[in-house]
Amino acid sequence: PPPAPAAASTPAPSATAAVSNPYAAKAAPSNPYAAKAPAAAAPPNPYAKAASSGAASVNPYAKAASSAPSNPYAQKAKASNSSSSFNTTAKPKGPPPGGGRAKIDDSSALWADKYAPSHLSHIMGNGGAVKNLTNWINNWEAVWNSNSKPGKMAKRAALLSGPPGIGKTTTATLVAEACNRQVIEKNASDARGKKALEASMGDILGSQVLSFGGKKERKKRLLIMDEVDGMGAGDRAGMAELIKLIKTSKIPIICICNDRSSQKVRSLANHCLDLKFSRPIKSVIARRAVEIGNNENMDIEQNAAEALAESCGNDIRQVLNALQMWATKGKAKGNDGKRVTLRYMEFKDRAGEIGKDEMLRVSMFDAGKMIMEGRRGMKGKSDADKRKHFLKRNDAFFTDYGMMGLLVHQNYPKVLGQEFKNTKTTKEKQGVLGRLADATGVMSDFGLMENMIRGGDQHWELLTSTAALVVQTGSIAGGENGGFLPGFPEFPGWLGKNSSRGKHTRMLGEFQHHLNKAVGVSLDEIRSSYIPGFRTKVLSLMKSPEGARTSDVIEIMDEYGLSREDIFETLDEFNMTKKDADKFANLDSKVKSAFTRAYNSVAHKSQALVAEQGVGGKKKKVKKEKLESKELGVVDEDGGEEEDEDDSEDEDAKKVMAAFAKKGKKAAAKKGAAAKKKATKKKKT
């Protein structure tokens, strides 16, 4: 075949091929250096648009380069380097706020006094309560000392409640001063009984005070009653008198307490504006502690300050006392003139020296659970840690040493019962039962010592030994690795049983007293023999197929000197059978009513019953018998002469009332005659 033409075998290069060529693309007009020159390409370019809107300094890339020192990564790195020793960025430039009760530059004053708030802005937390208290004081005069009728929610007094050390009294004082009030304070050191309040509060509860210093200024008064929950036996009827004064007071009264749940405070709260204060969070307290430490030549780590606040239960006053003690000890060690340091690890090593006792914030039930679970969590710990844990459990006993033994006695079998359920082999079960026997023996020893402490001799020196026995019971119940108490500790059932025992003893004593007319026997014999016999006999007569034989029952009761309560209450209370049919309370109501009518219609001659029912009972006497007994001067068994005395007293009372009525009639007649005279005079004129 003929050869193909040269033009067809080698096609001419097109424009698209030239554009796709990478080497050709570099030489094309799309070169970035060449693109800056033409003005036509500038509008669609976002970077060129930003440049055209202003000067070149607006360029974001140029701005970022010029502000390189504010790079967040660089700032964080700087902070992390400085926080390895102390957080220097948290140090304030000036002294911290304070000066409430002492000058800040007074080196001999307590830090809690030096840095007490001197202005409302210095108070940490409880902003809502402070605002409500301020509004209440400012509006008090308009509500109570004006002609307008106060609303139902208006209160003459305010009640500030909350844990100690959070600044309730300081807040009340500062708010009163901010509202231009003269503060008068009464606390637990003052006599606050009924007579003392009546004598001292008459002038205080006036409306205002005059100040003659240069410029006459009238200041309203405000009364602060601090620690009202401590008004006890020494302040007899003080709380009732305080409530009475609140109802008629012409000035606002602020009452302060720690225990809001107290019964005395609850009755007071009904007449007050209830404001509850809470502790500030630990981070806020730690920040203030760092500021104060810096002013006192101390370097305090933030996390150490937070740990200190937590160990003190967020009590700012206790935190400042602890810091002052730490600084004093640091200076005593030869660091005088140098800055005292408080690092986290240093605080952990010496937390027990300056922190608040942890057991003061633990409830009785939590402390009991800690004791009953024994050495829980101590597996693999050192001997020093185990000893420390034992002392902690020993201290837990004194959270409430009067109740802790009963609480442990009620719940320690549950710890062993939980372990018994989880054991599988017979040997393991026998081991748990053996520990139960040992723990019971220790609790028996505790009972003997407790009886010696609270008995006649009162050997209180054995109290620490009882604590050790209770802790030993928990250690035995928990075993080597500690046990587990499921759920919440159960309240001691012994208290209810002891109350029932006292009631039963009293009822048996009364039954024995009545029975002495016929027989003289001991309580044990009455309980074991006489009560079951009486119950069987009386029930058989009351449930007779022929009908209730009430006359026979009353005859037996009179023979032995028993009362209706002995039959229907005492015999039922000591019924050991669970059958409802054996109870007098379940008899037919018609039978019981008929028995009561028959019993009350007859006079009962037992001396014990006469002494108990006495002259208060209704006894019908014939007039002739009364006259004969009066003439002879004889006292009959039913107390006839005493009734005659009562009758004579009634007659005397009637005579006195008649005399007063007669006098009143005379006075009314005189008044009427005078009015008629006046009317006739007016007519004549």
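The model is a predicted one, in which local features need pLDDT of at least 70 and side-chain atom pairs count only at pLDDT 80 or more, while totals for chains, interfaces and linings use all residues. Residues are numbered from 1 along each chain as its sequence is written, and side-chain values use heavy atoms, with hydrogens and water left out.

Two packed helices are described by the angle between their axes and the distance between the axes. For H27 (residues 550–560) and H29 (residues 589–600), that works out at about 50°, with the axes 10 Å apart. Axes here are lines fitted to C-alpha atoms over the stretch in contact, and angles run from 0 to 180 degrees between N-to-C directions. The crossing of H27 past H29 is right-handed, meaning that the near helix is turned clockwise from the far one by less than a right angle. On the H27 side, Thr550, Val553, Ile554 and Met557 meet Phe595, Ala598 and Tyr599 of H29, where contact means heavy atoms within 4.5 Å. Sorted by class, this contact holds six nonpolar residues, one polar and no charged ones; Ala, Val, Leu, Ile, Met, Phe, Trp, Tyr, Cys and Pro count as nonpolar, Asp, Glu, Lys and Arg as charged, and the others, Gly among them, as polar.

H27 also has a partner in H26 (residues 523–542): their axes come within 9 Å and cross at roughly 155°. That angle makes H26 roughly antiparallel to H27. Phe534, Lys537, Val538, Leu541 and Met542 of H26 make the contact with Asp552, Val553, Ile556 and Tyr560 of H27.

Elsewhere, Lys186 lies in strand S2 (residues 181–186). Its relative accessibility is 16%, so Lys186 counts as buried (under 20% relative accessible area with a 1.4 Å probe, protein chains only; exposed is over 50%, partly exposed in between). Leaving aside residues up to four places away in sequence, Lys186 touches Arg192, Ser200, Met201, Ile204, Leu223, Ile224, Met225 and Asp226.

As for the whole protein chain, it has 32 helices and eight strands, taken as DSSP runs numbered from the N terminus (H or I, at least four residues, for helices; E, at least two, for strands). Of its 685 residues, 32% count as buried. Among contacts between residues at least 6 apart in sequence, 70% join residues at least 24 apart.

Note on methods
Angles under 35 degrees count as roughly parallel, over 145 as roughly antiparallel, 65 to 115 as roughly perpendicular and the rest as oblique.
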